[in-house]
There are 2 protein chains.
Amino acid sequence: MIMEKGLSSVGVLPSKSSQVTAVKVVVKESETKQTQRGKRVGFVLVHAGAGYHSESKAKEYKHVCKRACQKAIEKLQAGALATDAVTAALIELEDSPFTNAGLGSNLNLLGEIECDASIMDGKSLNFGAVGALSGFSLAAFKRNKRKLELAEKVETDLIQLKKRRQSNEKVIDSGTLDTVGAVVVDQEGNVAAAVSSGGLALKHPGRVGQAALYGCGCWAENTGVHTPYSTAVSTSGCGEHLVRTILARECSCALQTEDAHQALLETMQNKFIGSPFLANEDGVLGGVIVLRSCRYSTEPESSQEKRTLLVEFLWSHTTESMCVGYMSAQDGKAKTHISRLPPGAVAGQSVAIEGGVCRLESPESRAADSSLHCKECE
Amino acid sequence: MIMEKGLSSVGVLPSKSSQVTAVKVVVKESETKQTQRGKRVGFVLVHAGAGYHSESKAKEYKHVCKRACQKAIEKLQAGALATDAVTAALIELEDSPFTNAGLGSNLNLLGEIECDASIMDGKSLNFGAVGALSGFSLAAFKRNKRKLELAEKVETDLIQLKKRRQSNEKVIDSGTLDTVGAVVVDQEGNVAAAVSSGGLALKHPGRVGQAALYGCGCWAENTGVHTPYSTAVSTSGCGEHLVRTILARECSCALQTEDAHQALLETMQNKFIGSPFLANEDGVLGGVIVLRSCRYSTEPESSQEKRTLLVEFLWSHTTESMCVGYMSAQDGKAKTHISRLPPGAVAGQSVAIEGGVCRLESPESRAADSSLHCKECE
């Protein structure tokens, strides 16, 4: 995996609203040591929620992101398609008691768990979703049974979490825990996205959020006649804000323009914080992970297989923080990061945005033409 | 109500897909007798489903559309806002045993009724929806109780319908009955849209269609900085097709261009029948009712109250037929119409589109400036 050089600057961009402070942070990374190279290429970006992640729990959040990345990459290395890989990442994220999804889901007003989740396949454009899925469903029952078995392994953590939840439910649930999601591109260039959420704490029974709704929680669309890039998006945060702005699809559309970073920043500023559909809101809370990819070659006659897959990935949030992880099939381990709004920025009114670029070269292209290699990687 | 003169022609427009036959039919109507003029202005357009409406039941479909229009107009004449008027229309449509909504809803695989419905207010941009709402909900229980009481009045019809449904459920439910909807503009120029559906016959319990989903079943958006027109849209047909294309919102966006008729036709052709999200479907089945309005004046200095409200309204469908009704607050009665694909057109591949224009003049503007009156109406 080769990371693009970037500016390490932090700058404030102009915005239509005087209350919006846009912070531009471009990750500068390069990877010169690679302990393992898989036979397949592919990339995964996951998040454990846009909300507030305390320093004391940073290790746990990062750890679950790391495991989720590894699960997805294992699938990709075994030749699985993007949808299978993104599912593997989601299951890992849901099985953590530290995320507001699956096992760790918030409780509704009746003290029950009701989950929302959806997945989209960029190749077929198929989409599947469940909303307010409770234990009355056989599928959910089986799933919960499996989770309970897994939970025994993390019993100590869970008991501690439940105690804290009972004593201080609102504080923990509104801030710490949130929706999870993942976006993947596989070796064939197919993209997939998924999202899963336990919903608002003490929500009304039957309430569904963005994770259950088409265009709002996740979006994946392979390159096509009108779409030069393949795009995958997963959103997190206040469901009502993400639904009203159909944010996942909005980001995907915006990412078809040349500058992905600028497109995402403008979307978060103008179509999310500045949306007329949220004009009456005091603050607009959410986060997104996005990736877009395209094949390119320095040789015009290169076959599809010989072309390098360029993957640009970004995360952006208006919440205090967002925990992300990412990994390519050619990496030995995942990178994790807790992104935070800069000092002085106001949650709900400011945007943080970070990301990077990754070039994925198929084994065939490496063998055929070493000139495609980046010098940093040699 | 003054209807714009239009071409009575039926023409075939070119299309990207050779399988798409676009039929342009512009209603030519004028109304010289008005039995009643309300003190308020406003307009309602309703439909009793895009699907198949037999000639033998035409009277019933038209009758329920007529009653729904009257209920909405009664509200508008009493000074109610668009959301109240659209709700009144929907309740009337739901209470009919001939529509697939409310009382007449299809049964799911377990033999239960599960309803989807949503409403959007163009002024506040607020949106509310319910999906797979069953008798376990207190609100639904109360609503059903009221409906049962009402049903006693139409008991004969209902018993007959149930007998037919039991003996031939698939044929009736897949063809005859469908989602209902309404769009309204009130005297202040606010728009509202609503949709209600009983869903697919023999659907899986918990399945929700477009009527429950943001952007898919209905859309309403008052004029704003980036929207020269107020628009309201309600969709009907195959829920999966309407969801994947987010058709209500797509139509609303398209209606911001100058030629409403052309914009809607192109949307139905390119964003619905020709959508890459439905590339694997044999036919794409749906229908929409839309209205858009703006204020205009022949005098540049006219106050808001003195300006005429121009309402353009259209319906379009790819199904065999669609039953619609419309009425203005200045009309004595509603007009109803069963729109059908022309002979030779293939359902799921062809588009029918019809509509008209209505100028609504406030009492103040009529008193102040009679030159705004249409000669046909004098």
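The legends below describe close-up views of a predicted model.

View 1. The side chains of R67(A) and E92(A) form a salt bridge, with an N to O distance of 2.8 Å. R67(A) belongs to helix α1 (residues 58-77) and E92(A) to helix α2 (residues 82-94), and the pair links distant parts of the chain, 25 residues apart. R67(A) is partly exposed, at a relative accessible area of 28%. E92(A) has 14% relative accessibility and counts as buried, because the limit for buried is under 20% relative accessible area. A search of the whole structure gives 12 salt bridges over all chains.

View 2. E312(A) lies in strand β11 (residues 308-317) and R292(A) in strand β10 (residues 286-296), so the bridge ties together parts that are 20 residues apart in sequence. Both E312(A) and R292(A) are buried.

View 3. R292(B) and E312(B) form a salt bridge, and their closest N and O atoms are 2.8 Å apart. R292(B) and E312(B) are both buried.

View 4. S293(B) lies in strand β10 of chain B. The relative accessible area of S293(B) is 2%, so this residue is buried. Leaving aside residues up to four places away in sequence, S293(B) touches V185(B), G189(B), V191(B), Y229(B), S230(B), L309(B), L310(B) and V311(B).

View 5. Strand β8 (residues 218-221) of chain B is covered on both faces. C218(B) and A220(B) are on one side, W219(B) and E221(B) are on the other, and all are buried. In a regular strand, side chains alternate between the two faces of the sheet. Strand β8 of chain B runs antiparallel to strand β9 (residues 230-237) of chain B, and 4 bridges join them. A220(B) stands opposite A232(B) of β9(B).

**View 6. Interface of chain B and chain A.** The contact takes 16 residues from chain B and 16 residues from chain A. Between them, the two chains bury about 1600 Å², with 58% of this area on carbon and sulfur atoms. On the chain B side, Y214(B), R244(B) and F277(B) lose the most area to chain A, together accounting for 40% of what that side buries.

**View 7. Polar and charged contacts across the interface.** Between chain B and chain A, 6 residue pairs are in polar contact. The elements β8, α5 (239-244) and α6 (247-254) of chain B each supply at least two residues of the side that touches chain A. The residues of that side of chain B divide into 10 nonpolar, 2 polar and 4 charged. Across the interface of chain B and chain A there are 2 salt bridges. The side chains of E250(A) and R249(B) meet in a salt bridge, at 3.1 Å from N to O.

Technical notes
Residues numbered from 1 in each chain as written. Chains lettered and ligands numbered in written order. Predicted model: local features only at pLDDT ≥ 70, side-chain atom pairs only at ≥ 80, totals over all residues. Heavy atoms only, no water. Salt bridge = Lys/Arg side-chain N within 4 Å of Asp/Glu carboxyl O. Buried < 20%, exposed > 50% of the residue type's maximum accessible area, 1.4 Å probe, protein only. Pairing = 2+ DSSP bridges. Contact = heavy atoms within 4.5 Å. Buried area = accessible area lost by both parts, 1.4 Å probe. Polar contact = N/O pair within 3.5 Å; in protein donor to acceptor, adjacent residues only side chain to side chain. Nonpolar A, V, L, I, M, F, W, Y, C, P; charged D, E, K, R; others polar.
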